[in-house]
Amino acid sequence: MTLTISTPLYYVNDKPHLGSTYTTIACDAIARYYRLEGERVLFITGVDEHGQKIQQTAQLKNINPKEHCDLVVTQYLELWKLLDIKFDRFIRTTSSKHKKFVETFYKKVKESGDIKQGKQQGWYCVGCEEYKDIPKTSEAPICAIHQKKLEWRDEDNLFFCLSNYQEQIMALVQDNSFIRPSTRRNEIINFVSSGLRDFSISRQNVDWAITVPDDNSQTLYVWFDALLGYLSALYPDENNIDLASLDNLGWPAHLHVIGKDILRFHAVYWPAMLLSAGLKLPKQVFGHGFLTREGQKMGKSLGNVLDPKDLLMKYDRDSIRWYLLSDIKFGSDGDFQESRFIDLINNDLANTIGNLLNRTSTMSRKWFNNKIPLIEKDNPDESIISEYTSNIITIVKQAYLNYDFKLVCESIIKLASQANTYLNDNQPWTKVKQSDNLSDVSSIIYNVLETSRIIGFLLLPIIPDIGSKIIYQLGYKEIPNTWNEELSWGVLQPGANLPKPYPVINKLERE
Ligand code: MSP
């Protein structure tokens, strides 16, 4: 079975910012975790290129929308490369396979009788590309997210008959496993309880979009088009676009990771569209919180974004990953603060984990000639540290499964602190001075090397560079693809050579 997981398809109205980077890093950590568990993963990301917002941005720059999209797409791809995001598919909604898929899907939904003519009136936010449920007033209301005036629209459009799916969607959103975290479920249940209304899926005056297949006076609404990217991404190319083959291509998705602002689209509209086309539903949708800066959502339209490339000039990618995943509970909002960033990296990574590695590698080099020491019969407190490690492994694996990265990180730090305490309690440096016999300390060092090795593996999904460096430092020639055998105690072979120690984690300096 393939586990298909996805990020949202990002609007290309501007270069990527830390908000989109956050979602992508989280998804990358999930994908890496599942791969280490031995699962076949299909990690989809990509870009949402159509719609009025993109059209307007290109107009302002005086270039054609495709040219604009190409430029921004390059910036996304460059950033994902710099961050070592290991995606399997990158879908562009301007690609010909996507267009072909959208046409096929539209036809199917129409055959199901779920497309009708209607009149759409209401306040529209171009930033959200969404009608807002606000009554008509003489003064234009302001979008709470984009802080921009809404526009009144009144046009004849095609509608998708969402109301036909009221009961099925209600059952779906009430299912405890579909919407995560559970705190977001009620908001959607309330929305569905208020009665699902058909929504317009076409526009009369947006040229930069896919033309409605049987009505070239209109184009498809950007959200109707974009959601289908999760499906079109699965096809190798534009040939043989056939809904029946989706089962073999990785559908249904295991997980859509999205921000909380687009949960309704994913938990309500999207499943209804899939039901209409006779397709399976995704297993789970996770709506994470917003990264804020000074308490306000970080966003392109608000102009308060942090450019991940600027951060990458100052800090390594693992520091950025660690901060975003360890400091903010996945699902809740989090405020980005650079001083906290530096403190966390220095305390968790440099002081706790780095210190453990430095101490053990120094001792192994000095006393055991850069070799893994022997395990003596009298292995002091081995069961204490190995059982502690085994409990942490259980907690960390469960936390990964719950996408609770904060708990993952906290637990790994606890394990490193425990290993530091174990060293302090056992005082190998004092024991060595007291007797010439290294057998008194060899097991202590072995236990700490084993703990460090397991820490390296547990860190791989969150901070792959540092995790790998720890593992290499313990004598591995390559990083295993799966971790199941590696997470047992006693894998290091006594007598095996350790490479020359090198710094794995550097302390960050304040400017
Ligand atoms: N194009 C749509 C998604 C279509 S999916 C078929 C879209 N794009 S977006 O670029 O505006 O947003 C993409 C994602 O980034 C959303 O999940 C959104 O919640 C997330 N974020 C945008 N700003 C964010 C923060 N400041 N913090 C965290 N995530 C943020 O919506």
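Tutor: In this predicted model, the axes of helix 4, residues 96-111, and helix 10, residues 263-276, come within 8 Å of each other and cross at roughly 75°. Angles of 65 to 115 degrees count as roughly perpendicular, and helix 4 is therefore roughly perpendicular to helix 10. On the side of helix 4, the residues that take part are Phe105, Lys108 and Val109, and they meet Met273, Leu274 and Ser276 of helix 10. Sorted by class, this contact of helix 4 with helix 10 consists of 4 nonpolar, 1 polar and 1 charged residues.

A further pair of helices may be described in the same terms. The axes of helix 12 (residues 317-327) and helix 18 (residues 464-473) come within 8 Å, with a crossing angle of roughly 115°. Helix 12 is therefore roughly perpendicular to helix 18. Helix 12 contributes Arg317, Asp318 and Arg321 to the contact, while helix 18 contributes Pro464, Asp465 and Ile466. In the contact of helix 12 with helix 18, 2 residues are nonpolar, none is polar and 4 are charged.

The surroundings of the ligand come next. The ligand is surrounded by 23 residues, and the closest of these are Asp48, Gly259, Asp261, Leu291 and Met298. For Asp48, a polar side-chain atom lies 2.7 Å from a nitrogen atom of the ligand. In the case of Asp261, a polar side-chain atom is placed 2.5 Å from an oxygen atom of the ligand. On its own, the ligand has 660 Å² of accessible area, of which the protein covers 96%.

As to where the shell around the ligand comes from, strand 1 (2-11), helix 7 (222-227) and strand 12 (255-259) are the elements that give two or more residues to it. Strand 1 supplies the largest share of that shell, with 4 residues. The shell around the ligand divides by class into 13 nonpolar, 6 polar and 4 charged residues. Among the charged residues closest to the ligand are Asp48 and Asp261, each of which has a polar side-chain atom at the distance given above.

Methods: Residues are numbered from 1 along each chain as its sequence is written. This is a predicted model: local features need pLDDT of at least 70, side-chain atom pairs count only at pLDDT 80 or more; totals for chains, interfaces and linings use all residues. Side-chain values use heavy atoms; hydrogens and water are left out. A residue is near a molecule or strand if one of its heavy atoms lies within 4 Å of it. A polar contact is a pair of N or O atoms within 3.5 Å; within protein, one must be able to donate a hydrogen and the other to accept it, and residues adjacent in sequence count only if both atoms are side-chain atoms. Accessible areas come from the Shrake-Rupley method with a 1.4 Å probe; for residues, only the protein chains shown count as cover. Axes are lines fitted to C-alpha atoms, for helices over the stretch in contact, and angles run from 0 to 180 degrees between N-to-C directions. Angles under 35 degrees count as roughly parallel, over 145 as roughly antiparallel, 65 to 115 as roughly perpendicular and the rest as oblique. Contact means heavy atoms within 4.5 Å.
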